Amino acid sequence: MISARSEGREQADSAFTTAAAPDPAGRRSAGELADTASAQLIGLLRDTARRVGVAPEQLAGIHGVDGADARGELDRVPMSSLVRLWELLAHTGPRAGLAVVDDAPLGRLSTWDYLITTGATLTESLRAAQPYHRLVTGAAESFQLGYQDGLTISYRTTAQDPATSSIINEYVLGYYLRRTREALDRPVTPARVTFGHPAPPEHRALIEIFGTRRIEFDAPADTITFTPADAEAPLVRSDPALAELLRGHADLVLATARPIPGPLDAFRHALAAALDAGDPGLAVVASRLAMSPRSLQRRLAEHNSSWRRELDLLRYRRAEALLDSGLTTTTVATRLGFTDDRALRKAFHRWRGTPPRTSPRH
């Protein structure tokens, strides 16, 4: 028998965890997928984490990790889960990113792997695949291509922790080297590799993996450069018809992908709606979720968050987007509930150590 008190508790839990209703056709906007990663990438990191000794109880608390094997590339997991997995891996040792590369043979990331290996050349494959990078990771995690003295792939993660970002970038550059070797079916030595993080005390593992001593640290960006001969060599897996078919499939995947609802999704929807309405107070949001303010705070604490943290994060993301659209700092401050322009500027210094800047495009 369920008591009235426990029934009320279950209703509150339901209100707290229920996600917004999906589109009837299953379509999702680019904005909805911007902060998500593929369940396949989550599964890859989870398997490496298990192999290198991350405790099962640490993995169990990450949203989207359970059941990753049963999910396909349509399923998306919040980027926060991906970052948390990288954080756990970073604590296992400095070469954790390379361990993930070891666990990622061709096909592990499905469509994305084949998109970058079926073009006529590496250059052509990467150029054609570039718009589809969201198949595996968030919108802000894209790579760039350069064509001077060979083909350069540059990447910079949005992860803030230096130890975490360093292993992410090592994984990404190692991943592209592995795919290039698989696509050409022969040994490939990069012309140059650069990392933005400081040189570690010892980096023999990097030399062994990348096959070169031409590795620079404290560089402006994390890059791997392939010689013109390698970048323009015919790929043994080249299949123009298949490459075109894969791009069409990728379009369908991105159009019908479905974010896996997280435990804080409903709360974040309510908080965003309250902010848009001009009153993002704790009591207002709790009321929207049919909860008491105290219960809401307790639920946030259970998920390692807090009211202040969530509101601060939302304001930061909104401020970035509004300023990028060309609005003035005064207008943005008013919209986001800051007391004045000065308060917004102070918040930006706390968020990223620099003053806010409006987009030069406006």
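I take contact to mean heavy atoms within 4.5 Å. With that in hand, I looked up T48. Leaving aside its neighbours within four places in sequence, T48 is in contact with L89, A99, V100 and D103.

**Ground rules.** I number residues from 1 along each chain as its sequence is written. This is a predicted model, where local features need pLDDT of at least 70, side-chain atom pairs count only at pLDDT 80 or more, and totals for chains, interfaces and linings use all residues; side-chain values use heavy atoms, with hydrogens and water left out.

**T48, continued.** Where does T48 sit? I find T48 in helix α3 (residues 39-51). Helices (H or I, at least four residues) and strands (E, at least two) are DSSP runs, numbered from the N terminus. Is T48 buried or exposed? T48 counts as buried, because its relative accessibility is 0%. Buried means under 20% relative accessible area, exposed over 50%, and partly exposed in between (1.4 Å probe, protein chains only).

**Whole chain.** I count 18 helices and eight strands. Of the 362 residues, 47% are buried. I also checked contacts between residues at least 6 apart in sequence: 68% of them join residues at least 24 apart. The chain exposes about 18,100 Å², and carbon and sulfur atoms supply 53% of that area. The areas come from the Shrake-Rupley method with a 1.4 Å probe; for residues, only the protein chains shown count as cover.

**The five-stranded sheet.** I read the order as β3-β4-β7-β5-β6, in an open sheet with mixed pairing. β3 (143-146) and β6 (215-216) stand at the edges with a single partner strand each, so one side of each has no neighbour in the sheet. For pairing, DSSP must find at least two bridges between two strands.

I then went through the pairs.
- β3 and β4 run antiparallel, joined by four bridges. F143 stands opposite Y155 in β4. Four residues lie between the strands of this hairpin, and D149 takes a positive phi near 60 degrees there.
- β4 and β7 are antiparallel too, with five bridges. I153 has I224 in β7 as its bridge partner.
- β5 (residues 192-194) pairs with β7 (residues 222-226) over three bridges, in the antiparallel sense. Here I224 in β7 is the bridge partner of V193.

**Helices on the sheet.** Which strands does helix α8 touch? Helix α8 (residues 122-129) packs on the sheet against β3, β4 (151-155) and β7, and its direction makes about 35 degrees with that of β4. Helix α9 (residues 162-184) also packs on the sheet, touching β3, β4, β5 and β7; its direction makes about 15 degrees with that of β7. The axes are lines fitted to C-alpha atoms, for helices over the stretch in contact, and angles run from 0 to 180 degrees between N-to-C directions.

Back to β4. Four of its five residues are buried, so β4 is largely enclosed by the rest of the structure.

**Other strands.** β1 (residues 36-38) and β2 (residues 75-78) run antiparallel with three bridges. T36 stands opposite P78 in β2. β2 and β8 (residues 258-259) run parallel, joined by two bridges. The bridge partner of D75 in β8 is R258.
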